[in-house]
Structure formats: C-alpha cells, structure tokens
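I wanted to look up how charged side chains pair up in this one. Here are my notes.

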Amino acid sequence: MNFDDTPEEAKFRAEARAWIDANAPKDLYEELANQGFGGSAKGRTAGLGPAKAWQKKKAEGGWACLNWPKEYGGRGASPIERVIWGQEEGVYGKLSGAFIIGHGMCGPTVMAYADEETKRRLLPPLASGEKIWCQLFSEPAGGSDLAGLRTKAEKDGDDWVINGQKIWTSGAQHSDYGILITRTDPTVPKHKGMTMFWLDMKSPGVEVRPIKQANGQSEFNEVYFTNVRIPDSQRLGAVNDGWKVSLTTLMNERLTIGGSMATGFSELFDFCSRIQTEDGLAIEDRAVRSKLADWAVKTSGLKYTGMRAISAVSKGENPGPENSIGKLVAGSMMQDIAMYALDLQAQGGALNDPELSDFGARFQAMLLRSPATRIEGGSDEILRNIIAERVLGLPGDVRVDKDVPFNKIPTSGRG
C-alpha cells in the first residue's frame, strides 16, 4: 500500500483540518487528551451533551458518518477519506463513543436490510447524533453463543410479541432505538430459527437495568422484554433468516471495534519515559525497553492490518472474518499493558484514586475495564475459532448441536 496522500486526499485533509480548527470544542481538548480508556469518558456513558453537540455540528458541516450516502446523513466519502478524517479529528473523536454502536454496527445493518422509507427516516438522525442506538444480542443463558438465544418473538396478526432478556447491552440506558435478534422458530436448528428487528427502546414492556461494573461505571445493561409488540414492518431481513442479518452486524462490529480499540501503548511509552523506579528512569532499563519493543511491533501490526481492511472495503468488499484479529490482539494487549504499568508502580499500583495515583490512575481504570473488552464483540475464544476456521481454513470445532432442533437441545434443568 502507498500511504502517501494523493493530490485529492491532500486537498481533503487540508479541508478537514481547517474545518476542525475552526469548529472543534477546544475547551475540552485537555480533558479529552488526558482521558484514559476505562475512566470517566465524555461521549460514552457520561457527557452526552458535549458529544451530541459535536456530532450535530459535524452533521451540519457535512462531516458525520463520512462514508454513508448523502441521503442517509453521510457525505458519500471514500473509506480512505474516513481514515484521514479520523487522523485529523484526533482527541475530539473520543466524543463519538456514544455513537460507535449506532454508526458502526446498527446503521450498516439497517442500511443493508431496511426498506428505503425506513432508511431515510432512521439513518439521518442517527448520523447527526440526535438518536442513539444499541445492539440487543447477548443473553444470560447463551454466553458467547449468539445462536443460543432464547428471547422469543411470536407472530400475532401484523405484530410480533417479544418476551425475554438481553444482557451486557452497551449504552441501552441512553438509547432511543436498538436492533434486536430473537428466536422465531425453536423447531429448527438454532442458526435457522432467528429473526432480526429494530425497535423503539421506549416501547411499552421494555425495561433497562444498568449493571454496576468493577470500575464504578455502568456502560452495560440488562434489558427485559415483557409482551413488547413490534410491527412486522420493523423486521430486518426475512423471517428465520436472522443469523445472516446478524453476520452483517458482527463483521462490521469487529471492523469497528478492532480498528478503533485503544491498546494503551502510547500511554505506557509516555509513562515509562517519566516514571522513576528503584534503578532509575524506567525507559533506561533493558527489560522495560524489550517489553516496549514487543508492544511497538504489535501496535504497528494492528495499524497496518487495519489499513488492509480499510483498503479492502474501499474496493467494495464487505468486512470479513479477518477483522477478528485486530480485536483479539488489541484486547489482550491492553490488559497486559495495564498490568505491566501497575507492576512498575510497585505498591502505588494499588491506588485507584486519580488524585493520588501516578498518571491519574489511568492504568488502573484500563485494567478494570479490560476484561469486558475481551468479552464484548466476541470473546477471545470465539474470535480464535473464527480465525482458525474462516481465515486459516482449519477443521471446524466439534458442534454436537449443529443439526439438532433448538427445542431438543438439552439444557440445565431440562431433559
């Protein structure tokens, strides 16, 4: 790949830079620049006011969801131009956290399967940040097996009646809409009896309960559905073809998460350049430099693997299973980096107060958030299976329930 800007890309970069310089909320720059992953974050579950204001301003200037078609609130830009925008937006991109799921996962799914009237009605408010979306997939009994879901959708005239529970739904308490995968036919194998819908999160019968996390935040939620009625017009894809629809969401999810996930490497490098250990400045220690070198190589690999994925998308290809690699590597790398930084702090690593801990407790917050990172968007084990089977072509894992009707699969407490 040639990473130099073409004349057209250079012109786009200069235009983007000038617009950001004239419109960015510079009063938030220092806070955003010092904001570590896992800590209190504007644009994720707090600070929605500034996040929505910045997204609205971008939409008004024609800079929201750049690669979406103009009629859906985008700019019709190329994937490469989207990358250029991200580079120029810099720390202000952290304000987009609340919209990542909607822009990167829900929006592409609606765009692929909804009718034209629905797309023109739902997508522009999503692009502009006026509406927030969530993804209602995981369930308590299913673990990482999405096809093991038990939330039921039963046909009643022109409506579907939904009953069940979802869990670990990011941002559900702030969401206006969501995409929902359900079980519509339990008499066929589990991958063949699911159907996808979009729904209003304020619908009667929808209850959202935030989950308190180890880091003190509540990004994730339980969502309960009790006799929730959804019109058939809100179905995405064919009845019982929800697995195919969900793959569109999941492939975009892994591209979105893997391409944007923080690893903590730049923060660690800065930290090691400043912290004093018993033997002097950390970065002057050979063992520390060796660790940094390993992570620098991985960081470079993640960058260029992401670039290859973007290059493929720019040629009209759909996001593929290889995008699982970025998420798998970045998630474990973040946890390892956070643990190493705490080791360098010695006893001080036990302090979780930003006012007392070195580096504002950024690595403590990162470590407490990292287990969730390795589960959301597909656990490490699931991603390894995907890479092994669908990227490397290795033999598939043994699945004894593959061709068994879902209602015949034994579960705890049921023969």
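**Notebook: salt bridges**

I started with Glu219 and Arg369, whose side chains meet in a salt bridge at 2.8 Å, N to O. This pair links distant parts of the chain: Glu219 is in the loop between β6 (206–210) and β7 (221–231), Arg369 is in helix α11 (residues 362–373), and they are 150 residues apart. I checked burial too, and both Glu219 and Arg369 are buried.

A salt bridge is a side-chain nitrogen of Lys or Arg within 4 Å of a carboxyl oxygen of Asp or Glu. Buried means under 20% relative accessible area, exposed over 50%, and partly exposed in between (1.4 Å probe, protein chains only). Helices (H or I, at least four residues) and strands (E, at least two) are DSSP runs, numbered from the N terminus.

The model is predicted, so local features need pLDDT of at least 70 and side-chain atom pairs count only at pLDDT 80 or more, while totals for chains, interfaces and linings use all residues. Residues are numbered from 1 along each chain as its sequence is written, and side-chain values use heavy atoms, leaving out hydrogens and water.

Next I looked up Glu89, which forms a salt bridge with Lys58, with the closest N and O atoms 3.0 Å apart. Glu89 lies in helix α4 (residues 79–89) and Lys58 in helix α3 (residues 48–61), so the pair ties together parts 31 residues apart in sequence. Glu89 is buried at 7% relative accessible area, and Lys58 is buried at 4%.

How many salt bridges does a search of the whole structure find? I got 22. I also noted a network of salt bridges linking Asp5, Arg13, Arg17 and Glu88.
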